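Q: I have just opened this entry and would like to go through it with you. Could we begin with the ligands?

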Amino acid sequence: MKTLTLIQPDDWHLHLRNGDILKTVLAHSARQFKRAMIMPNLKSPVVSVDDALHYRQEILQARPNNSSFEPLMSLYLTPQTSVEDIQKVAENPFIYALKLYPAGATTNSASGVNNLTAIYPILEAMQTHKVPLLIHGEVTESNTDIFDRERLFIDTHLIPMVVKFPELKIVLEHVTTKEAVQFVESASKKIAATITPQHLLFNRNALLVGGIKPHYYCLPILKRESHQQALIIAATSGNPKFFLGTDSAPHLTTLKENACGCAGCYSAFAAVELYAEAFEKENALDKLEAFASFYGADFYGVARNTETITLEKKLWKIPPYYGENDIQITPLKANETLNWKQT
Ligand code: DOR
Ligand code: ZN
């Protein structure tokens, strides 16, 4: 049987939630990934060092027995974030970054930032203390077309920010457009991007053709095919600025299949297999290990992992949902097949 062995990957963008959802999803990520950058957009956002340490404990307690999965924590940047908070983050061994959500851009982003220049003193402190900034890069004006929001964020906000803070490490999270790819490629070494499996495997047709498919609704929204192509080329190019970040974002099925469905695709159940499928289609399986396991660690300046995981080439059917009792989460590509399976 054909197999693929990789140094164990890390997920540089992961939503685990808390409570019962955390207990349902954590084992999936912990089986594949050694580490993950944990997103702070809980209903009550993770805004302080204490919040992050409490949340970290909750995650550690929910790990399966014998798991050595490491949650790398991030703080939610709000208009109240202070320079002292940044100092505390810089001194804390468990907190790696701050996440910037423009207010209103996505799930649980109401506490985010409306006026980006108002947080420049915080960005200055992050630059000084070498704390990376993770960005949900979309403008939020309600009259701006949803398919243009990432491109306009880059032009309006990101380019001036990078000019002002040339030494600040920035990850433009879950890039979805050719403009984002071009921006990251032409920027300095301080700028990198994560790419999700859904943006490599699908374009907006998956969401909209033949009926509205809420399980393909995520933010930034899936774009047209030419953008998907640009992402595939970037991910498989061997350029270390692009690395794995699933943005696996579990929501209850009832809240996705809803008149006002939540944004987010649940991919953690087989994230590496989904990426393998995308890389294999491009004949680039030889590029998967560095994308999944090396470039992110190198960017963050942490050691590469040493253990391995193995996938085997094997057709299997994705179940209709994961979870039990009240917790039912529909996975990406539910009821369809995947070509690879972790052993
Ligand atoms: O689709 C998304 N879901 N995009 C985000 O930015 C947030 C995430 C979530 O937390 O559900
Ligand atoms: Zn996310």
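This is a predicted model: local features need pLDDT of at least 70, side-chain atom pairs count only at pLDDT 80 or more; totals for chains, interfaces and linings use all residues.

Q: How much of the accessible area of ligand 1 does the protein cover?

A: The protein covers 100% of the 290 Å² of accessible area that ligand 1 has on its own. Ligand 1 sits in the largest cavity.

Q: Which residues are the closest to ligand 1?

A: Ligand 1 is surrounded by 14 residues, and the closest are R17, N41, T106, L219 and H251.

Q: How far is a polar side-chain atom of R17 from an oxygen atom of ligand 1? And what about N41?

A: For R17, a polar side-chain atom lies 2.8 Å from an oxygen atom of ligand 1. For N41, a polar side-chain atom also lies 2.8 Å from an oxygen atom of ligand 1.

Q: Turning to the zinc ion, which are its protein donors?

A: The zinc ion (ligand 2) has H13 (NE2), H15 (NE2) and D247 (OD) as protein donors, lying 2.0 Å from it. Along the chain, the donors follow the spacing H-x1-H-x231-D.

Q: Where do H13 and D247 lie, then?

A: H13 lies in strand β2 (residues 11-14), while D247 is in the loop between β9 (242-244) and α10 (253-256), so the pair ties together parts that are 234 residues apart in sequence.

Q: Are H13 and D247 buried or exposed?

A: H13 is buried, and D247 is buried as well.

Notes. Residues are numbered from 1 along each chain as its sequence is written. Chains are lettered from A and ligands numbered from 1 in the order in which they are written. Side-chain values use heavy atoms; hydrogens and water are left out. Donors are N, O and S atoms within 2.8 Å of the metal (3.2 Å for Na, K and Ca); water is not among the atoms, so sites may look incomplete. Helices (H or I, at least four residues) and strands (E, at least two) are DSSP runs, numbered from the N terminus. Buried means under 20% relative accessible area, exposed over 50%, partly exposed in between (1.4 Å probe, protein chains only). A residue is near a molecule or strand if one of its heavy atoms lies within 4 Å of it. A polar contact is a pair of N or O atoms within 3.5 Å; within protein, one must be able to donate a hydrogen and the other to accept it, and residues adjacent in sequence count only if both atoms are side-chain atoms. Accessible areas come from the Shrake-Rupley method with a 1.4 Å probe; for residues, only the protein chains shown count as cover. On a 1 Å grid over the protein atoms alone, a cavity is a set of points where a 1.4 Å probe fits but cannot get out, and a pocket is an open set with protein on both sides within 12 Å along at least five of seven lines; lining residues have an atom within 4 Å of a point. A molecule sits in a cavity or pocket if more than half of its atoms lie within 2 Å of its grid points.
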